[in-house]
Structures are given as structure tokens and as C-alpha cells.
Amino acid sequence: MSDCLTLRFTVPADDFTRAGEASSSTKATLKQLGLPADIIRRVAIVMYEGEINMVIHANGGEITVEICPDQIVMVLKDTGPGIPDIQQAMQAGWSTASGAARDLGFGAGMGLPNMKKCADSLDIESTVGVGTTVTAVVRL
Amino acid sequence: MTVGELMDSGLFQVVNRGDDLDRPVERVFCCDLLSVAMCNAPAGCAWVTVMGNINTLAVVALTDAACVVLAGGAHLDDTAAQRAVQQGITVLATDQPIFEAALAIHQRLA
Ligand SMILES: Nc1ncnc2c1ncn2[C@@H]1O[C@H](COP(=O)(O)OP(=O)(O)O)[C@@H](O)[C@H]1O
Ligand SMILES: [Mg+2]
């Protein structure tokens, strides 16, 4: 038996009006659980950046958040175009975001670097034409 | 200065009256790139920006900003306006540019 709490979210494709729902909902849960503010903030940043990436780069996807006594594990899985060069994608300022996304204030190329900064570990698995899975861990 | 006091200061138009008007405004923060704001906006800040879409409100909620001030004549689109009401986020607006708007708030912080 596991003493982890699992949250699951579907991130809709191209729907900016719903982007942020998974992050907000996770944040509310963590608040209810009484976790420290800086942990909640770090998880919220990882979730939000990941969620936005799924919306603007990958036609949506699925997020699973496992809240365990020692860590919070976020798995963000999409079946989008994949990332050809992960090292390049991780560079601050690198972005292939569309003009539409930029008009909404995205596309600074800071998302993945922010996620790395906020998570204790960040792992990206991506295959071009198949999809991307980002696994981020924040330790408690 | 609380959010309510900032709202009643006459400095800005009131776009939406939020839920926690007794909350103190602790700092001013300026930024238009949402990823940068997401990472750096301090909790309890008045966030001054020209971005008035739904994602602005997501960033306010996630960073625990005290309120958002739309500068430079920016306004909320319809979806964002609905979200502000739903989430009880205080939204103010002004035609002044970002710097002037932020400075006006800064000058009222003790
Ligand atoms: N889930 C994803 N699917 C495909 N490409 C992605 C995904 N996430 C990120 N990328 C690629 O990595 C780049 C950098 O991402 P990020 O640092 O979040 O910056 P931004 O989203 O502002 O472009 C993106 O522009 C995009 O090319
Ligand atoms: Mg991004």
C-alpha cells in the first residue's frame, strides 16, 4: 500500500483559457496539506511551465502528480512533436514559440530552465514525432 | 497600504474588486514576460504589467501576488475578466506607462 496521493490532469491542446488549471489545482491541494510555501511555489512553477509547454508546443497531454511523504513527483507526458535537441531546448532564451504564444507573454525560452531551477531533479525524454515526457521531482 | 487602500487611492481604475482587500501590498513588481514573472514575482506584490490575458491571472494566483495593475492602457480580455471575478483577484488599470504606475505605488508604500 502506498501513502502517496496521486493527482491526474488532462491538459487540453491549444486552450490558453484552461492553461494553469492543473497548476492551480495542485497548488490548492498542497496548501490544504500544509506544505511549506517555498515548496508549493516551486511545484507551482514547474507545473505551470510544463503545462504551458504542453499547450503551446505539444497539443496538450497528461500530467500526473504524486505527493509522497518524502517527495513530489510530476510526470508531464505528451504526444507532441518531440524535442530534437534537448540540450539546446534547455538553454535560457532558446524558443521556437509561435507569434501567437509570444503575444500572450510566452516564448521567453525560460520555461525549461525555470523548471530545472525549481526542481531537485528534471529528466526529459523525447522522441521526435512521438512525444515528450518530463519528470520533475521536488524533495520534501 | 492594503489592496483595498490602493484600490481607493484614486490612482487607478478598478477593473475587478477582489476577495482579500485587507491584504497588505508589500512590494511593487514589474514584468511582462510571464515565465520571468512566474519565477520572480514576490508573494504579496502589486504586479504591474501590460499583459491582460488569462495567463496573467494564472500567474497572479500561482505567485500569490496581492493584485495586478494593467498599465499602458492594457485591459483584460473577456475570458480573463470572468476569471478575475471567479478567482477574486483584484485588477486595477491605468493609461500610464509601467514605470510611472509602479512608481506611484512605490511612493505610497511606507
Ligand atoms: N513538450 C514539448 N514538446 C515539444 N517541444 C517542447 C516542449 N517543451 C519545450 N519544447 C521546446 O523547447 C523550447 C524551450 O522551451 P521553454 O524553455 O519552455 O521556452 P518557451 O516555451 O518559452 O519556448 C521550446 O521553444 C520548444 O521548442
Ligand atoms: Mg515554455
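Predicted model: local features only at pLDDT ≥ 70, side-chain atom pairs only at ≥ 80, totals over all residues.

Residues are numbered from 1 along each chain as its sequence is written, chains are lettered from A in the order in which they are written, and side-chain values use heavy atoms, with hydrogens and water left out.

A search of the whole structure finds one disulfide over all chains, a disulfide being a pair of cysteine sulfur atoms within 2.5 Å. The partners are Cys4(A) and Cys68(A), with sulfur atoms 2.2 Å apart, and because the torsion about their S-S bond is about 115 degrees, the disulfide is right-handed. Cys4(A) lies in the segment before strand E1 (5-11) of chain A and Cys68(A) in the loop between strand E2 (61-67) and strand E3 (71-78) of chain A, so the pair ties together parts that are 64 residues apart in sequence; strands are DSSP runs of at least two residues and helices runs (H or I) of at least four, numbered from the N terminus. With a relative accessible area of 9%, Cys68(A) is buried, whereas Cys4(A), at 25%, counts as partly exposed (buried means under 20%, exposed over 50%, partly exposed in between, with a 1.4 Å probe and protein chains only). The sulfur of Cys118(A), by contrast, is 4.4 Å from the closest cysteine sulfur, that of Cys39(B), which is too far for a bond.

Side chains of opposite charge can pair when their charged atoms come close. Three salt bridges are counted over all chains, each being a side-chain nitrogen of Lys or Arg within 4 Å of a carboxyl oxygen of Asp or Glu. Asp64(B) meets Lys27(A) at 3.1 Å, N to O; because Asp64(B) lies in the loop between helix H3 (54-63) and strand E4 (67-70) of chain B and Lys27(A) in helix H1 (residues 21-32) of chain A, the pair joins two chains. Within chain A, Arg42(A) and Asp120(A) form a salt bridge at 3.2 Å between the closest N and O atoms.

Where in chain B does Asp22(B) lie? Asp22(B) is found in the loop between strand E1 (13-16) and strand E2 (27-30), and at 69% relative accessible area Asp22(B) is exposed.
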